[in-house]
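Hello,

Here is the structure we discussed handing over. My notes on it follow below.

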Amino acid sequence: MSASKRLLAALTLSTLAGTVQASEEVVIYSSRIDDLIKPVFDEYTKQTGVKVKFITDKEAPLIARLKAEGENTPADILITVDAGNLWQAEQEGILRPIKSEVIEANIPPQYRSSTNSWTGLSLRARTIFYSTERVQPSELSTYEALADANWEGRLCLRTSKKVYNQSLTATLIETHGAEKTEEIIKGWVNNLATDVFSDDTQLLQAIDAGQCDVGITNTYYYGRLHKQNPDLKVKPFWANQGDRGTHVNLAGAGVTKYAPHAEAAQKLLEWMTTPPAQSIFAGVNQEFPANPNVPFSDEVKSWGEFKADSIAIEVAGKRQAEAIMLMDRAGWN
């Protein structure tokens, strides 16, 4: 970490107690499950004395709740997964832009909103996974190549209804244009070995069981499953290393428009981008820290290094509607 970043982090922690004492509690709406966020908030309370109350639900109900509550909301922060959801919350007008030198120093710009309405907190790659029994890594290269005829009857996909796949498709549109992307998606659909899955874990288990040879999932699902079953006959392959890099998305957060404790909320959000919080937030779910100066967990480190796509991830939101329509036309259920 550079001297300037260490100074910013130190200033953030040194001013926490003085700036948040007026608020004994920060309220968070989160679509991230309890077990993945409670350790972070427990540590913050331990350091500052500030209580953190959190309410968990799916992202759509939380966004609808914030809209309905308006100025009467008790929520100070919204935490959700995928830039598509964060962008949607921004468009719905339920997040407030904040200017923070701490966040700007800790989180690369491609993982933040261009309007400063939200920031990424942890990263996950959505990449190719393959059977170590039936596929050689030399056979793999790009997302696009999974549309080739040699993968017919060998590919597994999760449903297009999941925002993770909508975001991947949106970035393909940004890279190739709609016509070429639709051709790729049709190739994927043609190569399916079985019906689409509702869950990435089921997809990885299907590869392990021999239902298919390759698939596309988020890395943290593999991390969880591999820790439970070290003999899993599936491994990740980093897609598109010869060109733009592997698609990376995020979990992130923003301060709500009508946050009752906006200053305290910003201080908490800033702290969540610093190394101590990043290690907890990313580590509990086998994700990559959004702060590039924070080491990976041992499990994540074991997957090896890769080049990530440098595209601004808010593209996933901007092209979400277009991606959904394209996937429907291509027959991806």
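Glu144 sits in the loop that runs between β4 (119–131) and β5 (155–156); strands (E, at least two residues) and helices (H or I, at least four) are DSSP runs, numbered from the N terminus. This is a predicted model, in which local features need pLDDT of at least 70 and side-chain atom pairs count only at pLDDT 80 or more, while totals for chains, interfaces and linings use all residues. Residues are numbered from 1 along each chain as its sequence is written, and side-chain values use heavy atoms, with hydrogens and water left out.

Glu144 has a relative accessible area of 15% and therefore counts as buried (under 20%; exposed is over 50%, partly exposed in between; 1.4 Å probe, protein chains only). Leaving aside residues up to four places away in sequence, Glu144 touches Leu172, His176, Ile184, Trp188, Asn240 and Arg244 (contact means heavy atoms within 4.5 Å). With Asn240 there is also a side-chain polar contact of 3.0 Å (a pair of N or O atoms within 3.5 Å; within protein, one must be able to donate a hydrogen and the other to accept it, and residues adjacent in sequence count only if both atoms are side-chain atoms).

Asn240 itself is in the loop between β7 (234–237) and β8 (248–255). Its relative accessible area is 0%, so Asn240 is buried. Asn240 is not a glycine, yet its phi is positive, about 60°. Asn116 also has a positive phi, near 65°, and lies in the loop between α5 (101–106) and β4. Asn116 is partly exposed because its relative accessibility is 26%.

On to the pockets. A pocket is an open set of points on a 1 Å grid over the protein atoms alone, where a 1.4 Å probe fits, with protein on both sides within 12 Å along at least five of seven lines; lining residues have an atom within 4 Å of a point. Points are joined across faces, edges and corners, and a volume is the space filled by probe spheres set on them.

The largest pocket holds about 380 Å³. It is lined by 18 residues, and Ser31, Ile33, Lys58, Lys162 and Tyr164 are the closest to its centre. Helix α9 (residues 219–228) contributes the most to this lining, with three residues. By class, the lining has six nonpolar, four polar and eight charged residues (nonpolar: Ala, Val, Leu, Ile, Met, Phe, Trp, Tyr, Cys, Pro; charged: Asp, Glu, Lys, Arg; polar: the others, Gly among them).

The second largest pocket holds about 280 Å³. Its lining has 14 residues, with Tyr111, Leu123, Phe288, Pro289 and Phe296 closest to the centre. Of these lining residues, 13 are nonpolar, one is polar and none is charged.

Regards
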